[in-house]
Amino acid sequence: MTEYHDAIERYQGFRDAVYHLTWEIWSHKLNSLSVDLKLDGIDDGALQQAETVWAPLEDKNRPDIFAWRDIVRQVRSTPRRFDMAIWNGSVLCGMVCGKASKGAQGCDTNVTLRFLQGAPTAINPLRGHIAAISLDAASAYALLLKKRMIFLKNPLSGARPHYEKLGFELAKRHAKGLYLGKAL
């Protein structure tokens, strides 16, 4: 096996461990809602549901509507990517995608989330929990990889107060965008 294939398998193992850990925590937290929480990588089933179920229900003027198939195609070959689909049974409730920084551990190492989206309100029994589930999973992934920070790239201005309540603050502003960050 090549070094690249070894990396693909190693990082997939990290993601699988994070999905399981986050599922254990959030299954307990959401117990009163009687949900059938499932966390997994973004696969064709998730992409298809986003295109066929979410798309007809979404307000096309919302700035947080993403072309998920294109996003996944761009990151699929990156071993250190972080991607997760959040399900309630067979209903796709949210997706998140980002990646870990290159390099060894240190103060500048991080996991940056670039895309985070919940399903339309009408079909989302996990509404209000998608960001927290995603951030907990991304934080666990970062800690597993010995990264020191988690960043949110270009969060919607309306979502910033919610992220700030979860411990994020303005970390940096560049020509490429604004980043909220949280030390781990």
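Gly45 lies in helix 2 of this predicted model (helices are DSSP runs of H or I with at least four residues, strands are runs of E with at least two, and both are numbered from the N terminus). Gly45 counts as partly exposed because its relative accessibility is 34% (buried is under 20% relative accessible area, exposed is over 50%, partly exposed is in between, with a 1.4 Å probe and protein chains only). Its C-alpha atom is 9.8 Å from that of Ala85, and 40 residues separate Gly45 and Ala85 in sequence.

The model is predicted: local features need pLDDT of at least 70, side-chain atom pairs count only at pLDDT 80 or more, and totals for chains, interfaces and linings use all residues. Residues are numbered from 1 along each chain as its sequence is written, and side-chain values use heavy atoms, with hydrogens and water left out.

**Overall fold**

- The chain has 5 helices and 7 strands.
- Their order along the sequence is α-β-α-α-β-β-β-α-β-α-β-β.
- The radius of gyration is 16 Å, which agrees with the value near 16 Å for a compact globule of 184 residues (taken over C-alpha atoms; the globule rule is 2.2 Å times the number of residues to the power 0.38).
- Along the principal axes, the C-alpha trace spans about 45 × 40 × 35 Å.
- Of the 184 residues, 47% are buried.
- Among contacts with a separation of 6 or more, 66% join residues 24 or more positions apart (a contact means heavy atoms within 4.5 Å).

**Aromatic cluster**

- The structure holds 7 aromatic pairs (rings of Phe, Tyr and Trp, the last by its six-membered ring, pair if their centres lie within 6.5 Å; planes under 30 degrees apart count as stacked, over 60 as edge-to-face and the rest as tilted).
- One of them is Phe66 with Phe115, an edge-to-face pair at 5.1 Å centre to centre, with 80° between the planes.
- This pair links distant parts of the chain: Phe66 is in the loop between helix 2 (44-57) and helix 3 (68-75), Phe115 is in strand 4 (residues 110-118), and they are 49 residues apart.
- Phe66 counts as partly exposed because its relative accessibility is 26%.
- Trp68 also pairs edge-to-face with Phe115, at 6.3 Å centre to centre and 70° between the planes.
- That pair, too, links distant parts of the chain, with Trp68 in helix 3 and Phe115 in strand 4, 47 residues apart.
- Both Trp68 and Phe115 are buried.
- Phe66, Trp68 and Phe115 form one aromatic cluster.

**Lysine over rings**

- Lys172 places its charged end over the ring of Phe151, 4.6 Å from the ring centre (a charge sits over a ring if NZ of Lys or CZ of Arg is within 6 Å of the ring centre and within 35 degrees of the ring normal).
- Lys172 also lies over the face of Tyr179, 5.1 Å from the ring centre.

**Helix 4 and what follows**

- Helix 4 (residues 130-144) has 15 residues; at 1.5 Å a residue it should span 21 Å, and its end C-alpha atoms are 21 Å apart, which agrees (the expected span is 1.5 Å times one less than the number of residues).
- Helix 4 is largely enclosed by the rest of the structure, because 12 of its 15 residues are buried.
- The buried residues include Ile130, Ile133, Leu135 and Tyr141.
- Just after helix 4, Lys146 takes a positive phi of about 65°.
- Lys146 is in the loop between helix 4 and strand 5 (149-153).
- With 48% relative accessibility, Lys146 counts as partly exposed.

**Other loop residues**

- Asn154 has a phi near 50°, a positive value in a residue other than glycine.
- Asn154 is in the loop between strand 5 and helix 5 (160-165).
- With 42% relative accessibility, Asn154 counts as partly exposed.
- Ala175 is in the loop between strand 6 (169-174) and strand 7 (177-183).
- Ala175 counts as exposed, at 90% relative accessibility.
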